[in-house]
Amino acid sequence: MFVTTVLVKVKKEHIEDFIEATKKNHEESIKEPGNLRFDILQKIEDPTEFLMYEAYESEEDAKAHKETEHYRVWRDTVAPYMAKPREGIKYRSICP
């Protein structure tokens with residue numbers, strides 16, 4: 001399993017816009033071959049902070065995600081909503 005977490009800081013005035021666009025990306029991403037999880041989390045103490053947890057069967061499946069139309073639309077749509085560039089962190093699964 002190949003996992004990426006993405007940390008996103010959103011401008012306060014764009015929180016709802018970000019959520020709407022990200023839900024659309026989620027709905028399509030979970031249909032992708034090799035997708036195991038695609039979770040979107042919002043920090044309770046600071047609602048401008050989000051964590052995306054993306055798990056794929058392989059690194060190749062994760063790379064293929066970035067080639068999809070829905071990902072490109074999401075990336076371009078949310079870019080102006082971000083207070084700073086998003087940070088992706090890659091992991092390999094130990095358990096399970």
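Tutor: The residue to look at is Thr48, which sits in the loop between β2 and β3. The model is a predicted one, and what follows should be read as a description of that prediction.

Thr48 has a relative accessibility of 10%, and because buried means under 20%, Thr48 counts as buried. Its side chain makes a polar contact with the side chain of Asp46, at 2.6 Å. Leaving aside residues up to four places away in sequence, Thr48 touches Val8, Lys9, Val10, Lys12 and Ile15.

β2 and β3, the latter covering residues 49–56, pair in the antiparallel sense, and seven bridges connect them. Within this pairing, Asn35 stands opposite Tyr56 in β3. Helix α1, residues 15–29, packs on the sheet and touches β1 (2–9), β2 and β3. The direction of α1 makes about 170° with that of β2.

The sheet as a whole is open and has four strands, in the order β2-β3-β1-β4, with antiparallel pairing. At its edges are β2 (35–42) and β4 (87–92), each of which pairs on one side only. Neighbouring strands in the sheet are turned against each other by 15° on average, with direction ignored.

Moving out to the whole protein, there are three helices and four strands. Read from the N terminus, the elements follow the pattern β-α-β-β-α-α-β. The radius of gyration is 13 Å, close to the 12 Å given by the globule rule for 96 residues, so the protein is as compact as a globular protein of that length. Along the principal axes, the C-alpha trace spans about 35 × 30 × 20 Å.

Some totals complete the description. Of the 96 residues, 36% count as buried, and Thr48 is one of the residues classed as buried. For contacts between residues at least 6 apart in sequence, 69% join residues at least 24 apart. The protein exposes about 6200 Å², of which carbon and sulfur atoms supply 54%.

Key: Residues are numbered from 1 along each chain as its sequence is written. This is a predicted model: local features need pLDDT of at least 70, side-chain atom pairs count only at pLDDT 80 or more; totals for chains, interfaces and linings use all residues. Side-chain values use heavy atoms; hydrogens and water are left out. Two strands pair if DSSP finds at least two bridges between them. Helices (H or I, at least four residues) and strands (E, at least two) are DSSP runs, numbered from the N terminus. Axes are lines fitted to C-alpha atoms, for helices over the stretch in contact, and angles run from 0 to 180 degrees between N-to-C directions. Contact means heavy atoms within 4.5 Å. The radius of gyration is taken over C-alpha atoms; the globule rule is 2.2 Å times the number of residues to the power 0.38. Buried means under 20% relative accessible area, exposed over 50%, partly exposed in between (1.4 Å probe, protein chains only). Accessible areas come from the Shrake-Rupley method with a 1.4 Å probe; for residues, only the protein chains shown count as cover. A polar contact is a pair of N or O atoms within 3.5 Å; within protein, one must be able to donate a hydrogen and the other to accept it, and residues adjacent in sequence count only if both atoms are side-chain atoms.
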